Structure formats: C-alpha cells, structure tokens
Amino acid sequence: MDGVRYDSIIVGGGIIGLSIGWRASQLGLSVLILEKGDPPDAASAAAAGMLAPVTETTFGEDALLQLNLESARRWKGFAEELSFAGGINLADHRRGILHIALDRDQSESLSRLFEYQQELGLQVQWLSSMACRRLEPALHPSTRAGILAQGDWAVDPRSVLDALRTVLRSAGATLRHGAVVTKVKSGPSPSVRLDTGETIEAGTVVIAAGPWSGQIPGIPSRVSRAVRPVKGQILRLRPAAPMPPPITQILRTEEVYLVPRPGGEIVAGATVEEKGFDTAATAGGVFELLRAAGELVPGIREMELVEVKAGLRPGTPDNAPLLGTVEPGLVMATGHFRNGVLLAPVTADGIAELLAKGDLPAELAGFDPRRFQE
Ligand SMILES: Cc1cc2nc3c(=O)[nH]c(=O)nc-3n(C[C@H](O)[C@H](O)[C@H](O)COP(=O)(O)OP(=O)(O)OC[C@H]3O[C@@H](n4cnc5c(N)ncnc54)[C@H](O)[C@@H]3O)c2cc1C
C-alpha cells in the first residue's frame, strides 16, 4: 500500500482515460491515472481522428448516433480549451467530410444512406460528380456523386493526447507510466493491485483500458466478456518533395478514408479485422488500403509511404460503449470501438460527473455496461 488514497483511479491512459482524468480533476477530485506504457498498438495513437457522426451514420444505431452527435457538439469547446491550456494548436479541418461513390452500386447505396440521413434530420448535401470534383479536383474522374457532411471534421489524435497529458497535470492529476494493473477490487474500499505487488486505494476505480478492459481480473465476467479487440491497419503518406499534397478535403468511400493533416501528410485508413490481439501489419491490409486510396485519388500513388500501423479498437456486441457503474466503486468507460476520439468529450464530462456527484447524466444512461446477458 503506498499510503495515499485517491478519489478516483483510472486504469488506462488512452484518450478516454486521460480525458476523464482531466475533467474529474477540474471538478476537484484527486485523480491517479495508471498507464502500463503507451503500447504501440493502443488505438488512441493510431486513430485517424475523424469527428464524423454524420458521415459514419449506420442503419439501426440511432441511440449511438445521438451520443455521437452530442459529443460532436462538445468537441469545439473541448478543442478550444485543450488548445488554449495545452499550448497545442489543434488544427481545424471544419470543411466537412465528403463521402464519395465511384460506381453505380456505390451510388445506389450512398443514395439510400442520404435518404436515411435526411429522415434523421442530419445536415447533409448531395453533390453531383462535377460538384464533388470542383470541391476536390484530385478526385478520380469516375466519381459519380457524393454526400457532403459539412459539420464533420477531424483532429490529430496524437496532438490531442499530448495536450491532454499537459492539461491534466496542470489540473492536479497524477499520470503514472509503467504501472500495470493486475487486479481491481470493488466494494466499500475499492483498490487496484499493480504487477509490483503494490496496492492503491480509491473512492472509485474507472476502467478505461481499451480492448484490454476485458482482461483485468476483478471485473464481473458479464461485463469483461463484452469487450474485444478489433484490429485496424492505417497508413501515413507524405507528398514526395516538391509536390504539394494532392487533397485538402477529408474524403471517404465504402472502402477507405483519406484525412489530410496540416503538415501535408495524409492518413489512409482503416481495415476492420477480427484477429484478437494480433497487431501485425500485413501486405494484404496495406495493399487493399492503397488500392482503394488510389482508385479514389490517383495522385496518392505518387506519395511516400511513411508509416504502417495497426491499432486495436475496443469493440462490443452492439458497437456502443460501456459507460457507468458495474459494482459499487467500479466504473467502466470503454468499448468506444470506431468512435473513441469523437466520444471523448461526452464520455469525460459524464463519467467525471458520476465520479464527483454520484449521478450518471441522462445522455449516458442507455449505455449501461451490464446490458449484455451472462
Ligand atoms: C486504425 C484506427 C482508426 C481509428 N479512427 C478513428 C477515428 O477516425 N475517429 C474516432 O473517433 N475513433 C477512431 N478510432 C477508434 C479510437 O481510436 C478508439 O475508440 C479510442 O482510441 C479508444 O480509446 P481508449 O482510451 O478507450 O483505448 P486505448 O487507446 O487502447 O487506451 C487504453 C490504454 O489502457 C492501457 N492499459 C490497458 N491495460 C492496462 C493495465 N492492465 N494497466 C494499465 N494500463 C493499461 C493501454 O496501455 C492503453 O494505453 C480508430 C481506431 C483505430 C485502431
């Protein structure tokens, strides 16, 4: 026992754990974040950083869409606060995301999606082939149509993580690296055990350990079994000097998305693979992404490939996060799957409120971690 008792211990220093730690400290709680060591396969550093509730609309996921939209509304303030206090300029890509159809089949399915988005009252605009190419001249000439989601945008998650580490320390939270949590205990005196044998007590323990959240002993099996890793391979491309980057607009098709970063790099992602904790970058994964990217923007083929990365998304059976109390003193904040960057602000605000006041706000109520059967 190290003798210090924290109001909240957060297991996991990815975007979710850091965001909760920041907001909880701002509410006056003493916070310790335990991070086993920023593994290269953690999703937060791999993510493209799209804040795309409208572009990513999925049939039948209406409750999740409302949560995504609410978090998107909070992102502007979150980014401004982070940029100001974290000393980092979170580049603003608020030019929307353009979802492209390249052939007749894709155009038909895009038009069904457009109708659905309109039924839901989302801000979308149908663009002709010519209008798409006027917006982004580098698009392939076979572009048939597109949906512009004007409110969707992107941030660079690595800058967000840097800023969060700065602001949460200024807010008084402690972030410990190299701290591997091997067991959690709920009940009247919640605590965590580390691989060193050390035990640390807390008012509440929050599990924000991404896809590893299901692997920490002490979490009820009904909850831990609901989290699984979903592999995603993603590429970074750089313009070959002295060429300018081929695109300025965030683009996606059914097969690939391209996110231009302010320095000229383009992120191309991402595969979705059920491979357990495997994080190997594969020739097949890279080939498929580059093929699809080249079909969307031929100029991509001239770029230098500077990084291939595989990250593990925390998936759940219904693709929605696990948010809230599981047992007295034990809270889950994981399972954000493809939208953990987008969902960071609403998760952080809601879980911090739960930690400080004991009540989970209404917008998180539908994401009870115990909703799956034993
Ligand atoms: C290729 C790819 C692209 C993506 N693109 C987007 C996107 O464009 N937009 C979007 O919103 N989302 C995107 N996502 C999803 C998003 O990245 C995730 O949902 C989000 O990062 C999850 O964050 P997290 O903090 O829960 O998990 P993680 O980032 O995995 O962090 C969990 C942390 O917990 C630590 N940990 C685990 N076990 C322990 C332990 N026992 N003790 C101590 N520490 C522990 C790990 O080391 C890790 O650092 C993408 C994901 C991938 C893989």
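N319 lies in the loop between strand 16 and strand 17. Here helices (H or I, at least four residues) and strands (E, at least two) are DSSP runs, numbered from the N terminus. The model is a predicted one: local features need pLDDT of at least 70, side-chain atom pairs count only at pLDDT 80 or more, and totals for chains, interfaces and linings use all residues. Residue numbers start from 1 along each chain, as its sequence is written.

N319 has a phi near 65°, a positive value in a residue other than glycine. N319 counts as partly exposed because it has 17 C-beta neighbours inside 10 Å. By the rule applied, a residue is buried if 20 or more other C-beta atoms lie within 10 Å of its own, exposed if 12 or fewer, and partly exposed in between, with C-beta atoms placed from the backbone. F337 also has a positive phi, near 45°, and is not a glycine. F337 sits in the loop between strand 18 and helix 9. With 22 other C-beta atoms within 10 Å, F337 is buried. A further backbone feature is the cis peptide bond from G269 to A270, with omega near -20°. A270 belongs to the loop between strand 15 (266-269) and helix 8 (283-296).

Helix 9 covers residues 344-357. At 1.5 Å a residue, its 14 residues should span 20 Å, and the end C-alpha atoms are 20 Å apart, which agrees. The expected span is 1.5 Å times one less than the number of residues. Eleven of the 14 residues are buried, so helix 9 is largely enclosed by the rest of the structure. The buried residues include A344, P345, V346, D349 and L355. Their packing partners are strand 1 (5-11), helix 1, helix 3 (62-86), strand 11 (199-207), strand 17 (322-327) and strand 18 (330-334). Just after helix 9, G358 takes a positive phi of about 90°.

The chain has nine helices and 18 strands. Its radius of gyration is 21 Å, close to the 21 Å that the globule rule gives for 374 residues, so the chain is as compact as a globular protein of that length. The radius is taken over C-alpha atoms, and the rule is 2.2 Å times the number of residues to the power 0.38. Along the principal axes, the C-alpha atoms fill a box of roughly 65 × 45 × 40 Å. Buried residues make up 49% of the chain. Among contacts between residues at least 6 apart in sequence, 75% join residues at least 24 apart. A contact requires C-beta atoms, placed from the backbone, within 7 Å.

An automatic or database domain assignment sets the domain bounds. Domain 1 comprises 5-50 + 158-226 + 317-367, and domain 2 comprises 96-151 + 228-315. Their C-alpha centres lie 30 Å apart. In all, 17 residues of domain 1 contact 20 residues of domain 2. The domain 1 side has eight nonpolar, seven polar and two charged residues. Ala, Val, Leu, Ile, Met, Phe, Trp, Tyr, Cys and Pro count as nonpolar, Asp, Glu, Lys and Arg as charged, and the others, Gly among them, as polar.

The ligand is surrounded by 43 residues, the closest being G12, G14, G210, G311 and G340. The shell has 24 nonpolar, 14 polar and five charged residues. Domain 1 and domain 2 each supply at least three residues to the shell.

Notes
Two residues are in contact if their C-beta atoms, placed from the backbone, lie within 7 Å. A residue is near a molecule or strand if its C-beta atom, placed from the backbone, lies within 6 Å of it.
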